[in-house]
Amino acid sequence: MIIKRVDSTNTDFKNLVKHLDADLAERDGDDHAFYHQFNKIDMLKNCVVAYFDDVAVACGAFKPFPEEEEVVEIKRMYTNPQYRKKGLASATLIELEQWAKELGYKKCALETGTKQPEAIALYEKSGYSKIPNYGQYIGIENSVCFEKAL
């Protein structure tokens, strides 16, 4: 496995996000349009792509958290279903956390959906704690928010 730091112009990152969006559209159903508006990738500068046998199979990103300085929001985490259970999501998340820490950030925050139990399990296993929903997710019962000090 190799993990590369890229930005959102990277073709492999864009292709993985297309698969992520298709998966989320299916899981979220009628709620997808609400969530999708917060997941634009055109301005993401801090993205990673994980490769397994030279195939791009997982991705993730972070952006500065608008609510607090020294905090990043983890975004666009995805692993190709054929490559799950190989530690790729954990390795991708660790790389994002390390990069954020190198840039001086002190904490990561994120939102995921109740219809994504694999994501919830990943974040809990990775030391994230549930927090009250923030920003646009306040009052959204299908959203679950987490944070972790770096």
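Which residue of β2 does V6 stand opposite? V6 faces C47. The model is a predicted one: local features need pLDDT of at least 70, side-chain atom pairs count only at pLDDT 80 or more, and totals for chains, interfaces and linings use all residues. Residues are numbered from 1 along each chain as its sequence is written, and side-chain values use heavy atoms, with hydrogens and water left out.

**Overall make-up**
- The chain holds four helices and seven strands. Both are DSSP runs numbered from the N terminus: helices are H or I with at least four residues, strands are E with at least two.
- Along the sequence the pattern reads β-α-α-β-β-β-α-β-α-β-β.
- Of the 150 residues, 47% are buried (under 20% relative accessible area; exposed is over 50%, partly exposed in between; 1.4 Å probe, protein chains only).
- Among contacts with a separation of 6 or more, 66% link residues 24 or more positions apart. A contact means heavy atoms within 4.5 Å.

**The sheet**
- Seven strands form an open sheet with mixed pairing, in the order β1-β2-β3-β4-β5-β7-β6. Two strands pair if DSSP finds at least two bridges between them.
- β1 (2-6) and β6 (129-131) stand at the edges with a single partner strand each, so one side of each has no neighbour in the sheet.
- From one strand to the next, the twist averages 30°.
- β1 and β2 (residues 46-52) run antiparallel and are joined by five bridges.
- Strands of a sheet pair through backbone hydrogen bonds, either parallel or antiparallel.

**Helix α4**
- Helix α4 (residues 117-125) lies across β4 (71-79), β5 (107-113), β6 and β7 (143-149).
- α4 runs at about 160° to β5. Axes are lines fitted to C-alpha atoms, for helices over the stretch in contact, and angles run from 0 to 180 degrees between N-to-C directions.
- The buried residues of α4 are A119, I120, L122 and Y123. They cover an arc of only 160° around the axis, which puts them on the same side of α4. The arc is that of the directions from the helix axis to the C-beta atoms.
- Their cover includes β4, α3 (88-102), β5 and β7.
- Just after α4, G127 takes a positive phi of about 90°.

**Confidence**
- The mean pLDDT of the chain is 89, and 89% of its residues reach 70 or more. pLDDT is the predictor's confidence in each residue, from 0 to 100.
- Confidence is lowest in helix α2 (residues 32-36), at a mean of 52. Confidence is highest in β1, at 98.
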